[in-house]
Every structure is written in C-alpha cells, then in structure tokens.
Amino acid sequence: MLTGYHIQELYRYRDLILRLAWSDFKLRYKSSALGFFWSLLEPLLMLVVLYVVFSNLMRTQVEHYQLFLLLGIILWNFLDRGTSMSIWGIVGKPSLVQKVYFPRDILVISTCITALMMTVLESVVFIIFMVVFRVMPEMTVVYFPILFILEFFIILGLSMALSALNVYFRDVQFIWRLIVQVGFFGTPILYPITIFPERIRWIVMLNPMAQIITMMRDCTLYGISPEPANVAYVAACTVVLFVLGYAIFAHLEPRFAEAI
Amino acid sequence: MTAAVEVQGLWKTFRIPHERRTTLFENLMGLIRPNQYEIFTVLNEVNFQAQNGECVGIIGDNGSGKSTLLKIIANILRPSRGAIKVKGKVTPFLELGVGFQPDLTVRENISVYGTVMGLSRKEIRDGMDEVIDFAGMRKFEDSKLKNLSSGMQVRLAFSTAIQTQPDILLVDEVLAVGDLDFQQKCFDVFNRYRQDGVTILLVSHDLNAVRRFCDKALLLRKGKQVAYGETGRIIDKYIYREEEHVIPVENKKTRWGNKKMEILGVKFMDKNDKENSNFLSGDPFIARIYYEAHEPISSPVFGIVFYTQDTYCYGTTTNFEHMDTGMVVGKGHADFFLNRLPLIEGSFQVTVALAPPNYEFAYDWHDRLYSFQVHRVNQNQGIFDMDGYWKLEKYE
C-alpha cells in the first residue's frame, strides 16, 4: 500500500483529506457555546488539577514545572486523541466505506489531521504560558518541529492498525483505552525521567513517547539539544510502527465494507 | 467502440459465520472451538461488457446480487474470483448525501459532499451557486442541514452529486426516492449525462425506467447471469420467467357454494402459453378456470371479477357475454381471454365463480383467491390503459 502510486493517489485526494479533517474539527466545536475555548479549557483544567497535586512533590527538582507539565499533557493528549478518534475512523463512518469509494486510509489520515489541528490549538495555551512566565526558548527549539512530525507519524501508524483491527475486533477500543491510561503514568509526563534510578531509566526510555516528550521539553524549555542517538532511535521506532500499521491496514482493508 | 466496463467470470461469495465474533476474546476462544461458516454465493459467474456511452440496466428480484455487482464495480467490495476492467472515472450514486453532517450548514455540506464525490475545490467553488439554485435553497444556504426536511436534503444531495463529470456512472435505485417531479428531474439529468457519452449502469426495480432509459439490460437471478442484451427482450424474459408459479391455496372464508360443481383451480397464462403471475401491460392474458361438475348441470355461468386493492375494476360472466355453456358434467376448463391486458400497473386480485343463470346461489365462489402483477410499459397513470390518443388542431 505504501507505494509511489498510492502516495500520488493520496496527493490527488488531498482536498478530500483536508476537507474531512476540517469539517470534523469544526463539528467538534459547532454546537457548544464556548466553542474553541473548550479545547483550551480541557488541558488547562487538567493542568490545574495535576499541578495542585504534584507541584509540591516536584517543585524542588523541576524548573518551570507548570510548563513542563503542560507540554507533557499536550503531547500525550495528541497521541491519546489521535488514536482514540481514529479507532472510530472506519467503524464510525459506515456510509463513507459502503456507499462510495476512495482509498480508505484517507479516513484515518484525516482523523489524525483533525487531532493535529486540536493539538495546534492547545499549543496556543502553551505559548501564552511561556510568555506569562517569561520563558524564552533557545535556538534548540528548532528540533521541536522535527520531533513533532515524528510523533505525528507514530500516531498515524498506530491509528492505521487500531482502526483496521477495530473493524473486526470491537474490544480493541477498550484494550487500547487501558494501554493509554497505563501509558500516561508510565511515561515521564508528571515527572522527569531522573526520578528513576540510573540503571532502570533505559527501560522507561524504550518507550518512544517517553523519548519524544523528554527531548521536546529539553529543547523547548531548557535549551538542551537532543542526543542524535535518541533521535535516531525514535525515528527507527516511527518507521517500524508506521510500516507495520500500514501493513495491518492494507491486509484488512479489502473486507471493510462487508465487516462493518 | 471500446468497453468502458468489462466484467469477466465474476464471483462473489460472503462467508457468514454461524456465530458472529466481534471481540478479541471471542476470537481467542474460537481458536479452541473453530467457527463454522456458511458460504453464500452472491454472484456466480457474471460476464458482460458495457460499451462506451451505453446505458445498461441491471434487473432481477431482491437478493439477486444487483447491488453487490455495482459495489464491486465501484471497488467498494472486492471480487472473490474474476476480473473487472474499468476505463475512466467511476462515480457511484448508491446513496445520496453520503457524509452529510446535520450540524453543518448547507454550504458546508455541499463542500464536504462535493469533495467526497470527487469534485475539486475549484469545481465546488464555481458550482456552488448553481447547486443552491438547482436545489431551490437560496433562502436556506446558511442554515444547518438538520433544519431541512428530508426531501430537501435529498434534493440538495442530488443537486450536488450531479455536478460530477464521471466517465462511468453507477446508479442504484436513486430514482425510487422523491416525487414524480423529482423523478422527472433525475431523468433529465441522466439523459444529459447520456448525451455527454457517460456510460451508465442502472440498478432498478422500475422496469419502465429501465425500458425508457437503457440500451441493454442484464438479468440476474440468484446471482446467476440469466441473460444480457437488448432491453425489451431481457425485460420480457424477466416477466415471463420459466419456472412455475404456485397459486395461493384456498381459504374457507373466501370460498363458498354448494359444490355441486367445483372450481378446481385457476391459472393465468401469458403470451407464451405458460402459467405466470407477472404480465406486461398491453400483452395477451388468459385466465384458465378448471372445473369439475359432480352431477349434470344445465347452463352454469362462469364469472370473473378483477379488483385492485378494494376497487372493483371489471366483472363479466359467460351469461353477460351471451354465451350458453349448455349441459356440463365432469372435468374441463373455461378460458377467459384478453387480447390486450388494459391495466396499467399494480397488483390485481381475481374472483372466479360458478352460478346458475339466475344467480340465486353459487355452485362455487372463490372470492379474490387469485392474484397477478402488471408491470407498466408507458407513463400513463391510473388503473386502465384506455388506448387514448391526442390530436392537435391549430386555428392560426
């Protein structure tokens, strides 16, 4: 499925991808009085709760803990939202699968782009926070977009597999919820990786999301460039997840219209 | 001419599990106890070609695989065996308004649906006003879709869908929705497409639409291709099918009489002298009434009445037509002939009866025990096709 021809085809369908993503994005805020503010409010409320609980524990160790926490939450939310929405990307749109034809990965790609739009919106809160707390990013912030793109492709790879599997096994959504919950605590979001003893840190850091969040904080808040080896590891994980996700999707796709 | 759609040796089977397993847990348990499948063949060796610019009607009973065939040509389902070759851009009209979002406005929905139907951003921008005007929705362009009636939504969907410029159009029963006015609009649009040289595959139960519209027809029966060719011949083949039809059995409330002379059964015969319950309007029709007289009966009267729903359409007897049946004993049959079935369309019930010439009682009365279907061949309305014609004289 990941052939040059298919990529060309996706390019021809770019209008559709963006239109679906944008209309989904708009729909999320359409009927609520506060509109876009909801998506700003959600990470803020979470931040407040977590900050109140954890700031006393962490303050001594972590500089700019509120920003540290907020960035972690936003980046993790991106993964959580992207995959959770995509699980419904195929099953939730039966008429688009059964009554018309376009390459079905478009449904998943557009859902991930919707999640991307929501995350960009949330990032506005983060930028405001940086201004308020007078934290100016250093030159190392140039790594941020690179890591962000890697995260996007991890999400896309996972979403491909999850959306396709959920067509045949409807409990995938519950299992995945559980994994995301555990992942939230198993990933250095509330805490820095340094709270673990040196000898077990590498186990935690096998998780590419732990790497990504740590490196993104380092380059944005603390002016530390990521280690090339770590970036390479994350890139390798991204490629594996992405290719595997697409392979699963391509294998299951032919019977989507029958199995929904 | 080149083939726009070529279907070769197409098979489609669905695997229907005896129990449906939709969770991972059930599937894991299934490793221990394998699930059993029923293989259901929906399409069985279908072969045909639609030439460029041709309009092909696909007809057959429910469950004969018509829609599945369209979906396979549209690439929504994949064939189990066989090959499909399609030349050009395929646009399926299997359902109108795919991807409509009730919470978005009319304009936004036109954009989304237009994109789903394969229109470019520019085409949508340029066509927007035309769509809104065609659907007659100038006043509502910025209201939410959910505030429109379902009829208006269909109109909007249709107006948007016809902006597409396909090479091959797949249509599934779209014409069935909407009022006469809307159906006429559909026809006009499809005729325009046809003049533009678009190849059209049309699935429909409306045989008259197929007749008016299609150059060729494909008849499917239980997934098998029965015939493919010129429309009129194929429709004939569909209506005057070869297998036997069972005529409904008697029911006590709808049958009475002293049974000195009995009606054993009634068969409707078509123009091929085959028993049938489907007829085309205007074709020959015979009702054959089998009787048995248990004792000699003098001049029994045979009667027949046609109903549609509760409307009494027509009734006649041998007596009214001045036919004396003479002395009757034993078995035989009486034929009631119509050289030209003058009914337009619908389901008709038939009463047959045997009575003495003074109609004081009945020997045997089968009240609306038999029925047959009439399929239209033109656009006339009502019950009877009265052979009317028009003439116009202009004074100036």
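Reader: How much of chain B is made up of buried residues?
Author: In this predicted model, buried residues account for 36% of the 396 residues in chain B, where a residue is buried if 20 or more other C-beta atoms, placed from the backbone, lie within 10 Å of its own. Local features need pLDDT of at least 70 and side-chain atom pairs count only at 80 or more, while totals for chains, interfaces and linings use all residues. Residues are numbered from 1 along each chain as its sequence is written, and chains are lettered from A and ligands numbered from 1 in the order in which they are written.

Reader: And what does the C-alpha trace of chain B span?
Author: Along its principal axes, the trace of chain B spans about 85 × 85 × 45 Å.

Reader: Switching to chain A, at what angle do H7 and H11 cross?
Author: The axes of helix H7 (residues 143–168) and helix H11 (residues 228–252) of chain A cross at roughly 25° and come within 8 Å; axes are lines fitted to C-alpha atoms over the stretch in contact, with angles from 0 to 180 degrees between N-to-C directions, and helices are DSSP runs (H or I) of at least four residues. H7(A) and H11(A) are therefore roughly parallel to each other, a term for angles under 35 degrees.

Reader: Which residues meet there?
Author: Among them, A:Leu150, A:Phe153 and A:Tyr168 in H7(A) and A:Val234, A:Phe249 and A:Leu252 in H11(A) take part, contact requiring C-beta atoms, placed from the backbone, within 7 Å.

Reader: How many of the contact residues are nonpolar?
Author: The contact of H7(A) with H11(A) has 21 nonpolar, 3 polar and no charged residues, with Ala, Val, Leu, Ile, Met, Phe, Trp, Tyr, Cys and Pro counted as nonpolar, Asp, Glu, Lys and Arg as charged, and the others, Gly among them, as polar.

Conventions
Helix = DSSP H or I, 4+ residues; strand = E, 2+ residues; numbered from the N terminus. Parallel < 35°, antiparallel > 145°, perpendicular 65-115°, else oblique. Contact = placed C-beta atoms within 7 Å. Buried ≥ 20, exposed ≤ 12 C-beta atoms within 10 Å, placed from the backbone.
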